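Please look at the sequence and the model first, then read on.

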Amino acid sequence: AFLFAYLLIMATLMHLNNPENDSFVQSLYFYVISMTTVGFGDITLIDHTVLALIRVLFVFCIGLVMVSLVFNAIRELAAAYQRRLLLISQNVVSKTLELAKSHKMKTLGAPALTNGDEIN
């Protein structure tokens, strides 16, 4: 919510101060592209005041933080998914060993195996 409000405020300021941009949508586009650190260069600032440059650099820095947060979230999701797959595979292996032990007991008429026994 903060990010969206900030983008709207910055786009409004750019739209009011930069006569080259035809619409508010282009100003919003400029700041979204700047925040995502893409920077196509198709829309540029005419107003080269220090305040305008500080605004753009601030948006750029927020964009770097947001991109790193997204990559970190993706990394955490991938790690959680990997842990879940490992747990599932361990359960499958244990169930397979239990089935193999019970099958060996039924076919050989052998006494029940304990946890320490191995299947030959």
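## Isoleucine 33

Isoleucine 33 has a relative accessible area of 14%, and because buried means under 20%, it counts as buried. The model is a predicted one. Isoleucine 33 belongs to helix 2. Its C-alpha atom is 9.1 Å from that of glycine 63, a residue 30 positions away along the chain.

## Overall layout

The protein contains three helices and zero strands. Along the sequence, this gives the pattern α-α-α. Of its 120 residues, 18% are buried.

## Helix 1

Helix 1 covers residues 2–17, which is 16 residues. From its first C-alpha to its last, helix 1 reaches 22 Å, close to the 22 Å expected at 1.5 Å a residue.

Which residues of helix 1 are buried? They are Tyr6, Leu7, Met10, Ala11 and Met14. Viewed down the axis of helix 1, these buried residues fall within an arc of 130°, so they line one face of the helix. The face turned away from the buried side carries exposed residues, namely Phe2, Phe4 and Leu16.

## The largest nonpolar core

Twelve residues make up the largest nonpolar core. Tyr6, Leu7, Met10, Ala11 and Met14 belong to this core, and so do Phe30, Tyr31, Met35, Ile43, Val56, Val59 and Ile62. At least two residues of the core come from each of helix 1, helix 2 (24–35) and helix 3. Which helix gives the most to the core? Helix 1 does, with five residues.

In soluble globular proteins, nonpolar side chains tend to be buried together.

## A nonpolar patch on the surface

Some nonpolar residues lie on the surface instead: Val67, Val70, Phe71 and Ile74 form a nonpolar patch there. Together, these four residues have about 370 Å² of accessible area.

Valine 67, one of the residues of this patch, lies in helix 3, which runs over residues 50–108. Is valine 67 buried, partly exposed or exposed? Its relative accessibility is 31%. Partly exposed is the class between under 20% for buried and over 50% for exposed, so valine 67 counts as partly exposed.

Note on methods. Residues are numbered from 1 along each chain as its sequence is written. This is a predicted model: local features need pLDDT of at least 70, side-chain atom pairs count only at pLDDT 80 or more; totals for chains, interfaces and linings use all residues. Side-chain values use heavy atoms; hydrogens and water are left out. Helices (H or I, at least four residues) and strands (E, at least two) are DSSP runs, numbered from the N terminus. The expected span of a helix is 1.5 Å times one less than its number of residues. Buried means under 20% relative accessible area, exposed over 50%, partly exposed in between (1.4 Å probe, protein chains only). The arc is that of the directions from the helix axis to the C-beta atoms. Patches are made of residues with over 30% relative accessible area and no salt bridge: like charges are joined within 9 Å, nonpolar side chains (Val, Leu, Ile, Met, Phe, Trp, Tyr) within 5 Å. Accessible areas come from the Shrake-Rupley method with a 1.4 Å probe; for residues, only the protein chains shown count as cover. A salt bridge is a side-chain nitrogen of Lys or Arg within 4 Å of a carboxyl oxygen of Asp or Glu. A nonpolar core is a set of buried Ala, Val, Leu, Ile, Met, Phe, Trp, Tyr and Cys residues joined through side-chain atoms within 4.5 Å.
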